Amino acid sequence: MIKVTIDGRDVELENPVTVLEAAKQAGIIIPTLCYFEGLTPFGGCRLCLVEVEKLPKLQTSCTLMTADGMVVRTETDQIKAARRSILEFLLINHPLDCPFCDKAGECDLQDLVARYGPEAGRFAEGKRRHPESFDDPIIVRNMERCVLCTRCVRMCNDLQASYSISVTGRGSHSFVEPFSGGKYNCEYCGNCLTVCPVGAIMSRLHRHTYRPWFVEKEIETVCGFCGVGCSMVLQMRENSIIRAIPRMDVGFNKGLLCVRGRFGYENIESEDQLTTPLMRVDGDLKQVSWEEAITFISGRLKQIRDSFGGKAIGAVASGRCTNEDNYMLQKFIRFVIGSNNIDSSARNYYAPAETYLESIFGQGITANLISGIANSDGVLVVGGDPTAINPILGLQVRASWRSGGKVIALGAPGGLKRFVAYELMPKPYSEELILSAIVGRLLKGKTLSGENTAVEAKLRSLRIPSDEDLKVTGISPEDIARASDDLAGMATPVVVIGPDIIQRERASKNLFLLGAIAYLINARIFLLSERPNYQGVMDMGCLPDFLPGGRPVELEMFRHKIEGALDLKAPKDKGLTLFEMINEAETGGLKALYVMGENPLFNIPDSARVKKALGNLELLVIQDVHLTETAEIADVVLPATAWPEKEGTFTNLERRVQRVRKARRGKMASYGRDDWMIIADIAERFGMTRKYHRVEDVWEEIMHVSALHTGLSYEDIADGKAVWPYSGEPLRGMEGDFSVEGLKDLPRIQDSEKPYLMIEKPLYHSGTFSRKSRALLSIYPEPYLTINPLLSERLGLAEGEKARISNERGVLELKVKLNEDVPDGQVFLSNIFKGFGAMGLIGFGIDPDIGSLYIRDNTVRVEKVLV
């Protein structure tokens, strides 16, 4: 125990900390400018000077470690005089522009000068001049205000690990600049805005639009873009979001946000937001009242159910909607309509992958804490770039590297490129061979533990590729062996699985191999999630074969228990998956589809086929915030609320349940209704007697129905107690029943003369949800065809020129972007912009073992557009 005395107060410390931190624990605030929690101490501003007995000079408290018996004083006359002098020096060149500086009211320098002085400056010389930079669409720099605390540089280097800015020049000509010059070439996380203590680095979105005292309320909520579930604070004025900011003491993201979370909220301010229900009349969508729309929907659904049975009706839930929204849709379709045909876009990869891994290892195998990645001594990343799909999780991978961990990437490393020890870049669709070779190497000389007999039995039957077999991958056996040996030597490894490796043929084998690697090296598994509530969709029972709480629908015991709780009956047979519903709609078996918060026409491959299938339906209902591609062909469109307007919960990829709080009910959003409320209104027309007056009523029913969420109240969630397995009952004893396609053979890898079209997942967007955000569009404004310079040279294409890509599904013309990290023989296109989605040119199949989507028929012809 370390005992120190600070300003006469006795402080006991279990571990050595800095004097600054010790003072903070005692409730004593020492002023600083360069210190920021989480960053490496710098000791540059000298404002945190303190007196320490028996030391002749003032000491910087942010760098001085405590010692037993130390006596510290923080507010003597000598210290105050020193601080006053330091502030006077800082003001020599700092402009006196507080009246129109956007930082006024929350400026650390302003507060310190008000507290310590000086009252007036004694320097008559002119101040330095440096032009304000507006070269960047998001960030404005005013280096005349910069105090060179280097917080922004240390944030960019130490925590974000982007290494995009630095201090340039010397002496009074020192400024913080991006390496790229005027415009930033970075990840636009905006975390430099968080740490800047003055108005040197500011957001252009908020320039001269508000002051801190304009903020009427602050709403603590959870980001609605991806499955990490970062906590944030939305600052509000007049029902509009002024800005989104993180807080160091809120959530597990520790004050970090990504570009989407910080700047993407603007999509709900779009003037394209739906304001009233629409119904197709004489071939066109016309505005109608809520009563007309709900009466029509309930009437048509009754007719279809009475004529064709409940199996003729299906629903699509949403990973962007809350648990409460998804539960209500599930209850309506399953227990009121009488159909188990409910699924979501989680079917694309997330739901099948998690279900399959749980069939191998048991429920909760992917429920691992994201913060633990930073403490691991090695990470294997397969199937996607975590820094783009789940950026804050990606930062944890970088943190592992900074702590000495090895990062191994199978496939394009993206934002992990400078951090990987091995960049295993295989030829297209040859990942299965490499994973098999890694498993084979790990098995050599290893005695299996017998802990999972089902896995070990299949490992004994696995065919291991020879060195000759591996030639087709383009990766040498030596590189695979080195990577495998490093994996075997890790003590606390992590395996990160992305969507790309799952959306392959023989997905069950890829997942089995990844699970086997995790089993052999005792690794934790993380499954990347593109939506904020894919996990919640599954837990709420929005699956054709599972009830709320992850209970199989075909097991009578579980079904009867929930039926008894609700006093309603559910079908006993497994329903249709999302893709099976598309197939049934195409053949006429499915008559009606209710889609909540999803855009299947744009987000499922082979758009022409999907459009034809949806056109065969007798009733297509879309419930969304904007008029999406699917909504444009719907029979009825209902305006719903967007993420910042919702109240409820999300469940993130580590299976943490978090509160989503309503921030905005703006001029247009007030016309939309909560998704759960719309569905409850329709269910009442079918005779559902249960009344829901507030979202808490829905959650209380979930607690009653789902064995997994028993006793988990909103208060528990707010207190951070909602981490898997909560206080409920996870389903045990269901593992061990799984099959693996192609266990005893190797895949056939065929070369293609045409390049493969792959789906880009850019950091700056999140599917179609972000294409209404002006800020994100200012960074990534239009679709690009990203290709390797080698391919561009062969085609005679230069950066910015237009290329035409085509196959039997369609033709697109778009600008070219060159990227050396794109493998030769592949071209990348995002699925974000209307009329330019990659999904429209890609075919798909359904994996026979796990039911996921796999990409096929995705070669394209690329040619230069001649002007």
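This is a predicted model: local features need pLDDT of at least 70, side-chain atom pairs count only at pLDDT 80 or more; totals for chains, interfaces and linings use all residues.
Me: How many cavities of 30 Å³ or more does a search of the whole structure find?
Reply: On a 1 Å grid over the protein atoms alone, a cavity is a set of points where a 1.4 Å probe fits but cannot get out, whereas a pocket is an open set with protein on both sides within 12 Å along at least five of seven lines; lining residues have an atom within 4 Å of a point. Grid points are joined across faces, edges and corners, and a volume is the space filled by probe spheres set on the points. Here the search finds eight such cavities. The largest cavity has a volume of about 390 Å³, and among its 23 lining residues Glu-530, Arg-531, Ile-759, Lys-761 and Gly-767 are the closest to its centre.

Me: Which classes of residue make up the lining of the largest cavity?
Reply: Ala, Val, Leu, Ile, Met, Phe, Trp, Tyr, Cys and Pro count as nonpolar, Asp, Glu, Lys and Arg as charged, and the others, Gly among them, as polar. The lining of the largest cavity has ten nonpolar, eight polar and five charged residues. For the second largest cavity, of about 120 Å³, the lining divides into nine nonpolar, four polar and one charged. Of its 14 lining residues, Cys-156, Cys-186, Cys-189, Gly-190 and Cys-192 lie nearest the centre.

Me: How much space lies in the second largest pocket?
Reply: That pocket holds about 1,000 Å³. Its lining comprises 36 residues, with Phe-36, Asp-108, Arg-151, Thr-194 and Met-248 nearest its centre. By class, 19 are nonpolar, five polar and twelve charged.

Me: How many residues has the largest nonpolar core?
Reply: A nonpolar core is a set of buried Ala, Val, Leu, Ile, Met, Phe, Trp, Tyr and Cys residues joined through side-chain atoms within 4.5 Å. Buried means under 20% relative accessible area, exposed over 50%, and partly exposed in between (1.4 Å probe, protein chains only). The largest core has 155 residues, and Ile-201, Leu-393, Ile-497 and Phe-512 have the most contacts inside it. Helix α16 (residues 507-521) gives the most to this core, with eleven residues; helices (H or I, at least four residues) and strands (E, at least two) are DSSP runs, numbered from the N terminus. Apart from this core lies another, of 60 residues, including Ala-293 and Trp-699.

Me: Which residues are in contact with Ile-497, leaving aside neighbours within four places in sequence?
Reply: Contact means heavy atoms within 4.5 Å. The partners of Ile-497 include Leu-357, Val-382, Leu-511 and Phe-526.

Me: How many disulfides does a search of the whole structure find?
Reply: A disulfide is a pair of cysteine sulfur atoms within 2.5 Å. The search finds zero disulfides. For Cys-107, the nearest cysteine sulfur, that of Cys-101, is 6.3 Å away. For Cys-186, the nearest cysteine sulfur is that of Cys-189, 6.6 Å away.

Me: Is Cys-107 buried or exposed?
Reply: Cys-107 counts as buried because its relative accessibility is 9%. Cys-186, at 15%, also counts as buried.

Note on methods
Residues are numbered from 1 along each chain as its sequence is written. Side-chain values use heavy atoms; hydrogens and water are left out.
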